[in-house]
Amino acid sequence: MSNKVITIERHIIEEERSSNGATGDFSGLLRDLTLAIKIIHREVIRAGLVDILGATGQENVQGEIVQKLDEYANDVIFRAMDHGGHLCAMASEENEDLLKIPAEYPKGKYVLLFDPLDGSSNIDANVSIGTIFSIHRRVTESGDGTEADALQQGYKQVAAGYTIYGPSTMLVYTAGRGVFGFTLDPSVGEFLLSHPNIRIPEHKGIYSVNEGNYNKWSPEMRRYIDWCKQDDPERNKKAYSLRYIGSMVADVHRTLLYGGVFLYPADVKSKKGKLRLLYEANPMSFIVEQAGGRATDGMGKRLLEIEPNELHQRTPLVVGSPKNVEEVESFLQGTR
């Protein structure tokens, strides 16, 4: 085992050196984003000591109550990223329209999509929350970015990642060459490589889903959940364990490290699914695939191949260990 101390910046630089034709723009983008995440971390860990907990009294474009810390994180990311010259535009779960780069700043060749604070309904309960991001290379030629730059299929992402603010703050990201986890060391103010080359287990007897929606699901989905709870001696299967936090970052992070499956299926209330394709499902699916897992819409469609047609498009999601995802699909497609 190497005893090198590898910061996230050093890792980014080393990855850049191994890429033909690298110009440094992408590395600069990630450095700016890491700074924004450190600032958000600082406020998250002292949120109870300052006037930043609770709701603002406003609703976001999704019709959800905006939390003060949600609004703060959204603003921090935009202000950290708007002037570096790396981006042509941004899009956030919290804003209805595309976020344009101010006219006085140069426009770059990437577009950033982000959920500034996933799981924000858990803020006041001191439950783990996180930031999710997705980076695409622009498709327009130059100047201001447009929605066309943001509305790209997930497999075209050049990078994706998330930060989980929990007992420790950890940043997990992929640039298409494996998945790496970095833990923030507050004593030196640096993200240090703690989880090199993360690989998801092939199968685990764990499922993660909001069972409060059970009566709203399809009969096929209910059958799968019922099956998870039962012993199946013929298949040498014991009942699966349920693990659900209610913060997507935390639930997928646990699934990535321990194995199993995270599900957010469509139901009678959310017929197109509830998770946001661009800000949540695509980046998390890209990460899990890079770690050897699978991500689908539950009906055989690879999540990263879904064609987006609007900024706040929603989708069902089944993501996790490859054999677990295969089990879910066999029920939802009626082959089991």
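Colleague: Which residues of α7 do M248, V249, V252 and L256 in α6 meet?
Modeller: The model is predicted: local features need pLDDT of at least 70, side-chain atom pairs count only at 80 or more, and totals for chains, interfaces and linings use all residues. Numbering starts from 1 along each chain as its sequence is written, and side-chain values use heavy atoms, leaving out hydrogens and water. Helices are DSSP runs of H or I with at least four residues, strands are E runs with at least two, and both are numbered from the N terminus. With contact meaning heavy atoms within 4.5 Å, these α6 residues meet E280, A281, M284, I287 and V288.

Colleague: How many charged residues does the contact of α6 with α7 have?
Modeller: Asp, Glu, Lys and Arg count as charged. The contact has eight nonpolar residues and no polar ones, and its charged residues number one.

Colleague: How are α6 and α7 oriented?
Modeller: Helix α6 (residues 248-258) and helix α7 (residues 277-290) have axes 11 Å apart, at an angle of about 15 degrees. Angles under 35 degrees count as roughly parallel. Therefore α6 and α7 are roughly parallel.

Colleague: Which are the edge strands of the open sheet?
Modeller: Eight strands form the sheet, in the order β4-β3-β5-β6-β7-β8-β9-β10, with mixed pairing; two strands pair if DSSP finds at least two bridges between them. The edge strands each pair on one side only, and they are β4 (99-100) and β10 (190-195).

Colleague: What is the bridge partner of M170 in β9?
Modeller: Strands β8 (residues 169-174) and β9 (residues 179-185) run antiparallel and are joined by five bridges. In β9, M170 has as its bridge partner T183.

Terms used. Axes fitted to C-alpha atoms, helices over the stretch in contact; angles between N-to-C directions. Parallel < 35°, antiparallel > 145°, perpendicular 65-115°, else oblique.
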